[in-house]
Amino acid sequence: MTSTNSQPVRQILSWGLPSIIVASYLVLRLQPELRSAFPTLIGATCVIVISLGIILYAGTKELVGWSPGVILLISIILRALFLFSPPQLSDDIYRYLWDGLQVLHGQNPYSEVPLNAPPPDGASLELLRLMNHPELGTIYPPVAQFFFAAGAYLGAGPLGFKALLALLDSISCILIIKMLLRAGLPAWHAAIYAWHPLPVLEIGSSGHIDGLGIFFLFFTLSLLQTLTCIPSIKAHPPSRSGQGPAKYLLIAVSAGFTFACAMLVKLFPLIFLPGIFMLAGKRFRSPLSAGILAGLTLLTVPFLPQIKNLFFVLNIYLLNWEFAGFAFRTLRKLISSGSLARLILASIFLFISAAVWLRLFAMLHRVPGNSQGSFRGQGCAPSNRYFLECMGTFCWICMAYLLLTPTLHPWYALYLVCLLPFAPGAAGLALTWAVFLSYRVVAFKAFSGQWVENDWIPLLIWVAPVLAFLIARFHLRI
């Protein structure tokens with residue numbers, strides 16, 4: 001409980017911090033071109049993230065607290081601010097539109113590269129010009145393609161995609177709030193994602209498909225959270241009709257299907273696969289697997305056999321693409337081999353992942369009532385602890401991937417931001433702001449027409465979370 005003396009401070013923070021955040025977004029929205037306003041972009045996003053850091057600190061002191069409705073309302077307003085503005089920081093949405101028009105008119109987007117393919121109905125040469133890398137086939141998996149078709153069906157160009165993604169991202173915010181409350185955490189934690197500049201700018205403004213992947217990921221996690229909180233078999237015997245266990249099996253299958261959807265939007269959620277199985281528990285791993293296999297099969301079949309071309313483009317990406325990857329750049333200079341550097345970093349990531357997952361697995365057997373990995377017994381208190389441990393592990397896995405990947409576009413960090421309400425920390429906040437520094441390359445290209453990368457931007461992106469982590473370790477928490 002807060003004391004009477006702290007009430008004025010609570011009121012100032014509860015009104016002042018959202019006002020500062022909204023005002024910062026208004027400054028960004030009023031810019032005629034974000035690419036030519038790089039200092040403003042960095043400054044405004046820094047103010048927003050610092051405000052979120054203050055919320056994190058003040059929240060632990062019970063000095064802030066907003067209702068779920070207020071958090072959601074502000075998040076919707078922030079996304080609506082950028083809904084009608086053209087995408088400025090990324091041109092990926094034009095590829096979405098091209099692929100969507102192909103699917104909508106019965107063409108397989110994996111068949112031919114855009115430069116060689118006949119333009120689908122509704123497409124134009126201007127759309128081909130706006131698209132990045134039209135000489136390459138699409139790299140987006142099947143569920144993304146279905147979404148592209150839905151966005152193209154709505155028409156209005158990028159607006160249709162952005163409106164759909166903003167709606168789904170708002171639902172993701174609702175899921176986050178419900179999961180927080182179910183886990184015994186206050187609703188204000190959701191503001192760390194709902195008001196963060198990454199989802200607002202990368203989903204609401206640029207319309208990145210990652211918003212759909214996050215929606216399916218959190219749908220999956222929400223279903224699995226219900227499984228971690230069900231009583232033990234003895235406390236919850238099956239009904240005569242068998243509907244008790246059947247209900248939970250259906251939830252596990254559904255979780256598998258939605259996780260397959262998340263992976264078929266982008267492959268990024270694949271790094272969470274071991275944790276998804278651990279959250280399901282031994283009793284539900286088989287139905288979860290069945291759901292995943294069913295989803296992967298049913299959603300891929302419509303694009304056979306040309307979908308094999310997706311793996312050709314993916315191979316080009318994995319072997320050749322790079323952007324803002326400090327670890328990769330440094331290692332490549334040391335050993336004079338990009339291929340070997342990629343292999344070493346992949347091995348390091350796999351080693352870190354194995355160590356973290358093994359730690360989580362050991363923790364699984366220390367949770368009371370869960371030694372057999374079956375129904376999570378003894379009520380929800382131990383299972384809440386285990387669920388939050390899982391989410392924290394997801395955070396560390398995600399941070400390790402972002403710091404080791406050769407290619408670090410800002411929107412890749414969306415998968416870290418969405419986990420921060422459950423495992424908040426200075427390092428995560430710092431990294432999810434620092435990735436905006438990489439837009440200096442985009443800003444310079446808009447000014448000079450040249451794509452020029454340098455080494456100090458990736459270095460700063462690395463230094464920010466490391467420094468924040470060290471400060472937090474010395475108890476100077478923000």
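Let me begin with how the model is read. It is a predicted model, in which local features need pLDDT of at least 70 and side-chain atom pairs count only at pLDDT 80 or more, while totals for chains, interfaces and linings use all residues. Residues are numbered from 1 along each chain as its sequence is written, and side-chain values use heavy atoms, with hydrogens and water left out.

On confidence, pLDDT is the predictor's confidence in each residue, on a scale from 0 to 100, and its mean over the chain is 88, with 91% of the residues reaching 70 or more. Where pLDDT is low, the predicted coordinates should not be read in detail.

Now to the helices, which are DSSP runs (H or I, at least four residues) numbered from the N terminus. Two packed helices are described by the angle between their axes and the distance between the axes. The axes are lines fitted to C-alpha atoms, for helices over the stretch in contact, and the angles run from 0 to 180 degrees between N-to-C directions. Angles under 35 degrees count as roughly parallel, over 145 as roughly antiparallel, 65 to 115 as roughly perpendicular, and the rest as oblique.

Helix 1 (residues 7–29) and helix 3 (residues 68–81) have axes that come within 10 Å and cross at roughly 10°, and the two helices are therefore roughly parallel to each other. Their meeting brings Pro18, Ile21, Val22, Tyr25, Leu26 and Arg29 of helix 1 against Ile74, Leu78 and Leu81 of helix 3.

How do the axes of helix 4 and helix 6 cross? For helix 4 and helix 6 (residues 142–154) the axes come within 7 Å and cross at roughly 90°, which makes helix 4 roughly perpendicular to helix 6. Among the residues making this contact are Tyr96, Leu97 and Gly100 of helix 4, together with Phe148, Ala149 and Tyr153 of helix 6.

Aspartate 92 is buried yet has no salt bridge, and the nearest side chain of opposite charge, lysine 266, is 5.6 Å away. Buried means under 20% relative accessible area, exposed over 50%, and partly exposed in between (1.4 Å probe, protein chains only). For charge, Lys and Arg count as positive and Asp and Glu as negative, while His and the chain ends are not counted. A salt bridge is a side-chain nitrogen of Lys or Arg within 4 Å of a carboxyl oxygen of Asp or Glu. Leaving out residues up to four places away in sequence, aspartate 92 touches Asn132, Tyr140, His208 and Trp411.

How many salt bridges does the model have by this rule? The count comes to 7 salt bridges, and I will take two of them. Arginine 79 pairs with aspartate 169, the closest N and O atoms being 2.7 Å apart. Arginine 79 lies in helix 3 and aspartate 169 in helix 7 (residues 158–182), so the pair ties together parts that are 90 residues apart in sequence. Arginine 79 is buried, with a relative accessible area of 3%, and aspartate 169 is buried as well, at 0%.

The other pair is glutamate 453 with arginine 329, where the closest N and O atoms are 2.5 Å apart. At 27% relative accessibility glutamate 453 counts as partly exposed, whereas arginine 329, at 9%, is buried.

Finally, the backbone. Most residues other than glycine have a negative phi, and most peptide bonds are trans. The peptide bond from leucine 304 to proline 305 is cis, with omega near -5°, and proline 305 lies in the loop between helix 13 (285–300) and helix 14 (308–320). Alanine 324, in the loop between helix 14 and helix 15, has a positive phi, near 60°, and counts as buried at 5% relative accessibility.

Methods: Contact = heavy atoms within 4.5 Å.
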